[in-house]
Amino acid sequence: MNSIVCLDLEGVLIPEMWIEFAEETGIEELRLTTKDEPDYDKLMKHRLQILKENNYGIKEIQRVIEKVQPYEGAKEFLDELRTFTQVVILSDTYKEFGMPVMKKLGNPTLFCHELEIVENGEIVNYKLRKNGTKLDTVKALQSVGFETIAAGDSYNDLGMIRASKAGFLFRSPERIKNENKDIRTLESYEELLEEIKKVVR
């Protein structure tokens, strides 16, 4: 059976982009991520409301994203991983946020969502990809013959991690690790690479 590795993006390969934007603007409420709020719809509606209240649109966010760099070792980890297995990044980010960063990671495949943006640059809504959860995507990959291996750091990664042949929490907050002690936790790309190699072999 073919293997495919499914990785989260933010917190695993790059910094959380909303936190980067929060630090740039000083808006503390934008620091909330899926590590804090498991209800994704509630989280996104909250973010969009804050952007509207502060007159921030896609251009302001993209200016910050252009400065975002992958974590040290992330590109090298992906480069080596792709020498012996297929890789897909499953993220709850948006095409408009993620694509500029993908170039810095060697252009891996990214499955993510899209934003609804009006002419003046205001972000008015978001569109989830069909069967939007990471778990749904993993199940779809499995249904066409792939054996999945998954790693992520947040609440929205738990489904795909548990549904895979092997799954890992990677650099996850203590609260999530403590609530999910049945899932092995890893802290370095070297560890994660070795564990994936064991499964693929």
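Student: Which residue forms a salt bridge with glutamate 23, and how far apart are the closest N and O atoms?
Tutor: Arginine 31, with the closest N and O atoms 3.2 Å apart. A salt bridge here is a side-chain nitrogen of Lys or Arg within 4 Å of a carboxyl oxygen of Asp or Glu. One caveat: this is a predicted model, where local features need pLDDT of at least 70 and side-chain atom pairs count only at pLDDT 80 or more, while totals for chains, interfaces and linings use all residues. Residues are numbered from 1 along each chain as its sequence is written, and side-chain values use heavy atoms, leaving out hydrogens and water.

Student: How many salt bridges does the structure hold?
Tutor: It holds 21.

Student: What does glutamate 147 pair with?
Tutor: Lysine 165, at 3.3 Å between the closest N and O atoms. Glutamate 147 is in strand β5 (residues 146-152), and lysine 165 is in the loop between α7 (158-163) and β6 (166-170). They are 18 residues apart. Helices (H or I, at least four residues) and strands (E, at least two) are DSSP runs, numbered from the N terminus.

Student: Is lysine 165 buried or exposed?
Tutor: Exposed, with a relative accessible area of 52%. Glutamate 147 is partly exposed, at 24%. The cut-offs: buried is under 20% relative accessible area, exposed is over 50%, and partly exposed is in between (1.4 Å probe, protein chains only).

Student: And lysine 177, which residue does its side chain meet in a salt bridge?
Tutor: Glutamate 187, at 3.1 Å, N to O. Lysine 177 is in helix α8 (residues 174-179) and glutamate 187 is in the loop between β7 (184-186) and α9 (189-200), so the bridge ties together parts 10 residues apart in sequence. Lysine 177 is buried at 15%, whereas glutamate 187 is partly exposed at 39%.

Student: Which residues are linked in a network of salt bridges?
Tutor: Asp8, Lys134 and Asp157.

Student: Switching to rings. How many aromatic pairs are there?
Tutor: Seven across the whole structure. Rings of Phe, Tyr and Trp (its six-membered ring) pair if their centres lie within 6.5 Å; planes under 30 degrees apart are stacked, over 60 edge-to-face, and the rest tilted. Tryptophan 18 and phenylalanine 97 have ring centres 5.6 Å apart and planes at 65°, so they are edge-to-face. Tryptophan 18 sits in helix α1 (residues 17-25) and phenylalanine 97 in helix α5 (residues 95-104), 79 residues apart. Both are buried.

Student: What about phenylalanine 170 and tyrosine 189: stacked or edge-to-face?
Tutor: Stacked, at 5.3 Å centre to centre with 25° between the planes. Phenylalanine 170 is in strand β6 and tyrosine 189 in helix α9, so the pair ties together parts 19 residues apart in sequence. Phenylalanine 170 is buried at 0%, and tyrosine 189 is buried at 5%.

Student: Which charged residue lies over the face of tyrosine 189?
Tutor: Arginine 171, at 4.6 Å from the ring centre. The charged end of arginine 171 also sits over the ring of tyrosine 71, 6.0 Å from its centre. The test is NZ of Lys or CZ of Arg within 6 Å of the ring centre and within 35 degrees of the ring normal.

Student: Which residues form one aromatic cluster?
Tutor: Trp18, Tyr40, Tyr94, Phe97 and Tyr126.
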